[in-house]
Amino acid sequence: MPSSDISKNPFNNALPMQSRTAYKPPVYYQVGIGVLKPLYRLQVWRRSHRRDNYQREVEQRFGKRYPAPPVATKTQIPDASLNGTTNTSHQNHTIWCHAVSLGETNTVAPLLDALLARGYRIWLTNTTQTGFARGASRFAEEVVQGQLSHSYVPVDSPAVIERFLTHVQPVAALFVETELWANILTKLSEHHIPSILVNGRLSASSFKSYQKIGAVSTSMMKNLSLIIAQDNDSAKRFRQLGAHSAQIRVAGSLKWVINTPKLSNMHEPDDEKAIDGDTENSKPPELVEKTSVTASDLGRINRPIWVAASTHSGEENTVLSWQQQLLSNPALSEVLLIIVPRHPERFDEVAALIQNSGLSMARRSAAEAVDSTTQVYLADSMGELMNWYALADVALVGGSLVNVGGHNPVEPASVATPVLMGIHTQSCQSVVDKLASVGALYQPNNPFYQAINNHDKQENKNPQSVDDKTLMYQQLKYWLSHLVAAKQAGQTGAQMTEQQQAVLSRQLSMIEKVIEQHAMQNNIQDVSQDLN
């Protein structure tokens with residue numbers, strides 16, 4: 001369901017003060033973490049011992065050694081101790097941000113950019129190796145400049161967390177979307193460091209998992225200073241787990257925020273299988289690094305183009321079948337399909353699928369020309385996804401035909417390209433619903449979908465009797481046959497995306513208010529102790 005307007009939230013005006021009480025998780029959790037710690041170390045060894053950075057990973061996860069903290073800087077950050085003035089002395093205003101993997105790192109990157117621009121320093125941690133690789137590449141310049149430090153997240157052991165916090169000395173801790181650890185939140189609360197869940201999302205399945213460890217979940221909810229939820233459904237679930245209404249805000253999703261060009265590379269693997277599975281010892285294919293693609297590169301002369309982007313195994317066969325059906329229609333005999341696999345190590349596999357389909361193919365990595373006979377273009381390159389979205393008349397966003405959760409539809413919407421997605425969109429459902437509600441995104445049987453025009457968008461008069469993929473194909477066929485209608489749908493998506501950009505400033509403002517209020521609270525506490 002689309003998120004309601006933030007102005008309708010009765011708790012938006014005043015933010016909660018940080019509680020001085022630290023809620024410890026139940027004893028069984030603490031004992032369990034102690035038992036699992038050596039097993040986790042074995043898991044890290046099995047997964048990573050062949051890698052060059054294995055020793056660094058172990059040292060960081062278990063609190064043995066960390067990079068140097070970010071360089072303290074002369075800031076203009078408001079200082080509560082100076083009665084509303086700004087503090088221009090060199091201080092450590094470091095914010096710890098934890099993002100699990102690639103998706104969370106990409107989502108939170110614009111927020112970290114904004115915090116860095118405000119004068120804060122960042123310590124970024126990741127759980128997965130894919131997330132770590134993304135963080136390292138995305139913020140390489142900031143690391144060199146001393147604005148940001150980067151490590152793997154410490155294990156949820158009190159002694160390890162203590163060493164980590166002593167080293168980092170954060171003024172606040174941010175956790176992205178869902179992943180929370182009970183001992184970490186307890187330690188933050190004990191040290192009076194505000195902890196904030198940003199872009200919080202709690203799906204129905206995750207909620208059930210947290211319910212199974214109710215006492216642990218309650219301690220985590222009570223230790224959080226602020227929960228910035230993406231939508232009302234998530235906010236309700238956080239309350240049911242034990243969070244108080246005064247701790248929760250609904251601010252929309254950071255997935256709406258358009259990433260800068262250095263974030264446009266969306267072909268990196270976003271799960272452990274891509275790095276730690278069967279392809280672990282294989283070399284990735286040669287990748288093309290280009291800066292721009294034009295319509296003339298694709299031999300485009302009044303030729304409809306659709307893109308299947310960030311596709312996973314099991315999705316390419318479907319889109320190739322749709323392409324064959326489209327080409328059999330005399331009115332669409334010149335349509336071109338661009339396929340952009342999500343994972344680079346699958347490029348050759350997808351090339352083989354295209355060849356086996358009997359469709360004529362050109363490959364980006366081989367710089368093969370596209371002519372009037374080319375039916376499928378394999379975009380086996382890096383950093384060009386937004387270019388493909390901009391060139392296409394229609395975009396299918398992958399990870400949604402198979403149960404991956406769906407990738408971000410805001411990217412094609414932001415360049416006024418209408419979007420198709422399958423039913424598996426649990427990772428971005430609120431965004432999907434909002435785009436569907438203005439006709440910019442079609443998802444089978446989405447109750448919020450409103451077509452731009454009152455046209456008969458489905459060939460079958462009774463959609464309930466048609467399977468999901470057939471419904472998607474019919475909508476694809478309609479948009480490619482009626483490019484004016486497709487353009488109108490895309491423009492509504494671009495307008496919606498522009499309207500939603502304020503989510504970044506909302507979440508940024510909430511974070512800063514918590515930090516300021518916490519600083520004031522600490523100063524009052526210090527003055528009270530001095531007087532006594």
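In this predicted model, seven strands line up as an open, parallel sheet in the order β5-β4-β3-β6-β7-β8-β9. At its edges lie β5 (148–152) and β9 (248–250), each of which pairs on one side only. On average, neighbouring strands of this sheet are turned by 20 degrees against each other, direction ignored.

Let us look at β3 (residues 94–98) within this sheet. This strand is mostly covered, with 5 of its 5 residues buried. In a regular strand the side chains alternate between the two faces of the sheet. For β3, one side carries Thr94, Trp96 and His98, while Ile95 and Cys97 sit on the other, and all of them are buried. Strand β3 runs parallel to β4 (residues 121–126), and 5 bridges join the two. Across that pairing, Ile95 stands opposite Ile122 of β4.

Further along, β7 (residues 195–200) and β8 (residues 226–229) also run parallel, joined by 3 bridges. Here Gly200 has Ala229 in β8 as its bridge partner. Helix α10 (residues 232–240) packs on the sheet and touches β7, β8 and β9. Another helix, α4 (residues 129–138), lies across β4 and β5.

There is a second sheet to explore. It is open too, with 7 strands paired in parallel in the order β13-β14-β12-β11-β16-β17-β18. Its edge strands are β13 (361–363) and β18 (441–442), each pairing on one side only. Inside it, β12 (residues 336–341) and β14 (residues 376–378) pair in the parallel sense over 3 bridges, and Leu337 has Val376 in β14 as its bridge partner. Helix α12 (residues 316–327) lies across β11 (305–311), β12, β14 and β16 (394–397).

| Helix | Strand | Angle |
|---|---|---|
| α4 (residues 129–138) | β5 | about 165 degrees |
| α10 (residues 232–240) | β9 | about 170 degrees |
| α12 (residues 316–327) | β12 | about 175 degrees |

Finally, a helix pair deserves a visit. The axes of α1 (residues 27–48) and α2 (residues 54–61) come within 10 Å and cross at roughly 160 degrees. Angles over 145 degrees count as roughly antiparallel, so α1 and α2 are roughly antiparallel to each other. Their crossing is right-handed. On the α1 side, Tyr40, Arg41, Val44, Trp45, Arg47 and Ser48 meet Tyr54, Glu57, Val58 and Arg61 of α2. By class, this contact has 5 nonpolar, 1 polar and 4 charged residues.

How values were computed
Residues numbered from 1 in each chain as written. Predicted model: local features only at pLDDT ≥ 70, side-chain atom pairs only at ≥ 80, totals over all residues. Heavy atoms only, no water. Axes fitted to C-alpha atoms, helices over the stretch in contact; angles between N-to-C directions. Helix = DSSP H or I, 4+ residues; strand = E, 2+ residues; numbered from the N terminus. Parallel < 35°, antiparallel > 145°, perpendicular 65-115°, else oblique. Left-handed = near helix turned anticlockwise from the far one by under 90°. Contact = heavy atoms within 4.5 Å. Nonpolar A, V, L, I, M, F, W, Y, C, P; charged D, E, K, R; others polar. Pairing = 2+ DSSP bridges. Buried < 20%, exposed > 50% of the residue type's maximum accessible area, 1.4 Å probe, protein only.
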